[in-house]
Amino acid sequence: MKLSFVIPCYRSENTIETVVQEICDTVATRSGTDYEIVLVNDCSPDGVWQVIKRLAANDNHIKGICLAKNFGQHCALMAGYGQATGDYVISLDDDGQTPASESFKLVDKLEEGFDVVYGYYEHSAQHLFRRFGTWVNKKMAEAIIGQPKTLRTTSFFIMRKFIVEEIVRYPHPFAYISGLVFRATKNLGNVEVQHRRRIEGESGYTIAGLIGLWINGFTAFSVKPLRAATFIGLLCALVGFVAGLYVVYQKFLNPEIPVGYTSMLATLLFVGGMIMFLLGLIGEYVGRIYISINQSPQYVVRERTF
């Protein structure tokens, strides 16, 4: 059995070496297990690429990939998956929060017959804002891209090789790993693991970054937002029609009722706002189609160690 560990690296100059050492120590506990560690530098502004090159020079189990610009965590994972050769591929973070020491929990659960297994945290060490964001993401994923309600997803998960091969066939720049997994298989499992505090630093995701990630995932892998837009448009039209009938009816009953400027203005603002919102949603889809047709790259490799 061969394991491939894929780690996107960003601002982890002082943490990635610890994570790599933990992986090596963990694999050594189970004899007969071969492994490789694919480290993807997502154009980090610190010196993590120098650390990766040094690690790769000292250990032939380590592969280093340096991207030409910051493409984001999911595209960095795609770059790593493209070079992974293991029977099972494990994804984890570069900050020490995901417990590499519990990797074989994922392996053992996968060997029960699952295609993909996610580690989940009973007690999360994330800040309240990130926990709330995770909850919102879960609910939206259940409603829009078909995530099973009983499944708890994290950035620490394992996949069989055929799932990885299917994922890397996706050529477009808007990669969203969960969406690719859910459209490839429904044979998904969970296993509880420990969630630790990061060794140092803060999360690279801002509120804007998380919102962008959600929009990316849901517009890239589902047309349900467009169907919701159609429903909202029909609902607004129905409300406007009923309100118009009511105004005409009231005018016939009492001709002295003045025409309401305030209510008309409020209605126009509401309807105009909904139209702009729905046009923006449609524009998001059209823009992504345009960018995909232009063959914008999912990632560009500047340098590698192998």
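Me: In β6, what is the bridge partner of Tyr88?
Reply: Tyr88 has Arg160 as its bridge partner in β6. This is a predicted model, in which local features need pLDDT of at least 70 and side-chain atom pairs count only at pLDDT 80 or more, while totals for chains, interfaces and linings use all residues. Residues are numbered from 1 along each chain as its sequence is written, and side-chain values use heavy atoms, with hydrogens and water left out.

Me: How many bridges join β4 to β6, and which way do they run?
Reply: There are 4 bridges between β4 and β6 (residues 157-160), and the two run antiparallel. Strands pair if DSSP finds at least two bridges between them. Strands (E, at least two residues) and helices (H or I, at least four) are DSSP runs, numbered from the N terminus.

Me: And in what sense do β1 and β4 pair?
Reply: Parallel, over 4 bridges, with β1 covering residues 2-9. Phe5 has Ile90 as its bridge partner in β4.

Me: Which way do the β4 residues point?
Reply: Tyr88 and Ile90 point one way, Val89 and Ser91 the other, and all are buried. Buried means under 20% relative accessible area, exposed over 50%, and partly exposed in between (1.4 Å probe, protein chains only). In a regular strand, side chains alternate between the two faces of the sheet.

Me: What about β2, how many of its residues are buried?
Reply: 7 of the 8 residues of β2 (residues 34-41) are buried, so the strand is largely enclosed by the rest of the structure. β2 runs parallel to β1, joined by 8 bridges. Leu3 stands opposite Tyr35 in β2.

Me: New topic. Where is Thr98, and is it buried or exposed?
Reply: Thr98 sits in the loop between β4 (88-91) and α4 (103-110). Its relative accessibility is 2%, so Thr98 counts as buried.

Me: What does Thr98 touch?
Reply: Leaving out residues up to four places away in sequence, Thr98 touches Leu92, Asp93, Tyr121, Ser155, Phe156 and Arg196. Contact here means heavy atoms within 4.5 Å. A polar atom of the Thr98 side chain also lies 3.0 Å from the backbone nitrogen of Asp93.

Me: Last one: which residues of α1 meet α2?
Reply: Ile16, Glu17 and Val20 in α1 meet Val48, Val51, Arg54 and Leu55 in α2. The residues of this contact divide into 5 nonpolar, no polar and 2 charged. Ala, Val, Leu, Ile, Met, Phe, Trp, Tyr, Cys and Pro count as nonpolar, Asp, Glu, Lys and Arg as charged, and the others, Gly among them, as polar.

Conventions:
A polar contact is a pair of N or O atoms within 3.5 Å; within protein, one must be able to donate a hydrogen and the other to accept it, and residues adjacent in sequence count only if both atoms are side-chain atoms.
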